[in-house]
Amino acid sequence: MGLEALNERVKHDLAYLCFGGANWVRAREHAEGHVYDVVIAGGGQSGLGAAFGLLRERISNILIIDENAAGQEGPWDTYARMVTLRTPKHLTSIDLGIPSLTFRSWWEAQAGIEGWKEIDKIRRGDWMNYLRWYREVLGLPVRNEVKLDLIEPAQDGIYRLHVTGKGHRGNVILARKVVLATGIQGGGRWHIPSLIADHLPRQLYAHTSEEIDFERLKGKKVAVLGGGASAFDNANHALVSGVAEAHVFVRRAQLPQVNPIRQMEQSGMIERFHALPAADKYQVISHFFQFNQPPTNDTFIRAASWPGFELHLNSPWLGAEAAGQAAKIRTAHGVYTFDFLIISTGLVSDPALRPELRLVEEHIARWKDCYEAPPELRNEQIDAHPYLSPGFAMTSKSEQGKALLHGLFVFNYSALASCGLSASAISGTKGAVPKLVTGIADQLFLDDREQILREFYEYNEPEFTAAWSKREKI
């Protein structure tokens with residue numbers, strides 16, 4: 001088919017759906033400048049999908065901002081180091097039910113139907129190229145190199161978004177609604193154990209989310225802490241890059257084998273999670289946390305095939321100290337010395353850790369404020385997650401905070417406890433984006449309810465103008 005033909009097909013399909021109709025949201029005026037109805041912080045897959053969803057609902061006064069350069073949004077060309085995605089290739093996501101917008105259509109336009117049959121999993125770089133095409137073919141309003149530093153509630157339901165970066169003139173953007181589509185780390189921060197952070201100089205370690213100069217590590221001996229999929233992605237990447245040895249240390253006695261996401265993808269759990277009562281949500285996520293996502297078989301086999309690969313099971317790190325230009329790690333099985341450490345210990349979700357929320361975070365309801373788990377299930381990680389509506393809206397601990405939080409939506413990994421696998425997995429976006437869009441659209445509609453209803457009652461434009469005259473009988 002070719003991409004040009006696919007681009008025309010996308011436009012054709014959207015035209016049949018009346019995409020691009022007139023914006024229905026009532027415009028707001030402000031002395032400080034233009035007011036966007038929705039600003040989305042984050043131009044990765046979640047932010048792009050949210051923007052398309054809003055445009056389909058004729059909410060077009062929107063803007064996406066992203067701190068990265070164009071085409072570098074999200075993890076795929078930065079810190080993600082897997083060879084292929086873990087998500088099965090047939091699952092759809094931000095196409096939102098438009099066949100011509102699926103990854104498969106984009107792939108077949110270039111490689112044909114046989115080319116689609118030949119691939120087992122989607123390569124990481126191909127997914128990023130698909131996202132670049134998606135943004136371009138839909139003409140989504142993304143402003144790059146704009147970083148959100150602070151959300152300041154103003155008057156009359158307006159937020160002042162204090163921003164920095166060369167992508168925006170001035171340092172404030174005004175918005176009625178704000179969507180935090182800020183990725184896996186956007187609800188808190190990456191976790192580095194104090195065992196490492198408090199005892200080693202920064203040049204001896206890096207979290208998997210950070211830029212790592214693997215060229216400098218050629219011929220070196222490296223340790224990776226963590227037993228999840230990302231640990232093996234990084235071990236394999238290090239060995240491909242020329243590291244002499246990559247040792248993976250796992251606290252468990254054996255690697256996780258079960259991936260609960262696969263069951264959730266087939267059972268309706270992802271799409272219908274929002275309908276569960278709080279007790280079930282808590283127990284489901286508690287169970288989910290017990291199973292660290294295992295590496296894919298091909299990733300593990302690929303890493304293990306290197307002569308420099310070593311796996312240490314039942315080996316939590318008990319101590320760490322610098323030894324000259326190296327790091328010395330103590331486990332129950334002995335002491336090891338490495339030139340560099342790669343930390344794959346996940347993240348912590350808590351609104352208090354986000355600097356952009358510092359003016360409002362004390363009002364944000366957490367799970368611990370809204371649900372008391374049984375002692376045997378109590379999990380501090382879950383308790384710190386924000387307690388969100390089914391439409392991803394923040395909720396308040398008290399009446400005082402309601403007005404300050406009205407208009408803030410969380411569409412990042414920290415939505416996991418309230419909304420399940422939504423913005424935290426490619427397979428979750430298909431069902432999550434429509435819920436987010438509905439939540440935003442409903443808020444905008446109800447905010448303008450009085451004006452909309454007044455205009456409805458006052459509407460008096462004649463539609464029927466035909467006239468009938470009685471004919472005389474002959």
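1. Two strands are taken to pair if DSSP finds at least two bridges between them, and the points below use the word in that sense. The model is a predicted one, and the remarks that follow should be read accordingly.

2. Strand β8 and strand β15, the latter covering residues 340-343, run parallel and are joined by three bridges. Within this pairing, Y205 stands opposite L341 of β15.

3. That pair belongs to an open sheet of five strands, whose order is β8-β15-β9-β10-β11 and whose pairing is parallel. At its edges lie β8 (205-207) and β11 (309-312), each of which pairs on one side only. From one strand to the next, the twist averages 20°.

4. Which strands of this sheet does helix α6 touch? The helix, spanning residues 229-240, packs on the sheet with contacts to β9 (221-225), β10 (245-249), β11 and β15, and its direction makes about 170° with that of β10.

5. Elsewhere in the chain, strand β2 (residues 62-66) deserves attention for its burial, since five of its five residues are buried. In a regular strand the side chains alternate between the two faces of the sheet. In β2 both faces are covered, with I62, I64 and D66 buried on one side and L63 and I65 buried on the other.

6. With strand β1 (residues 35-41) it pairs over four bridges, and I40 has I64 of β2 as its bridge partner. With strand β3 (residues 142-144), β2 pairs in the parallel sense over three bridges, and here I65 stands opposite R143 of β3.

7. The last point concerns a helix pair. Two packed helices are described by the angle between their axes and the distance between the axes. For helix α1 (residues 3-16) and helix α3 (residues 103-118), the angle is about 145° and the axes are 8 Å apart. On the α1 side the contact involves L3, L6 and R9, which meet S105, W106, A109 and Q110 of α3. By residue class, this contact of α1 with α3 divides into four nonpolar, two polar and one charged.

Definitions and conventions
Residues numbered from 1 in each chain as written. Predicted model: local features only at pLDDT ≥ 70, side-chain atom pairs only at ≥ 80, totals over all residues. Heavy atoms only, no water. Helix = DSSP H or I, 4+ residues; strand = E, 2+ residues; numbered from the N terminus. Axes fitted to C-alpha atoms, helices over the stretch in contact; angles between N-to-C directions. Contact = heavy atoms within 4.5 Å. Buried < 20%, exposed > 50% of the residue type's maximum accessible area, 1.4 Å probe, protein only. Nonpolar A, V, L, I, M, F, W, Y, C, P; charged D, E, K, R; others polar.
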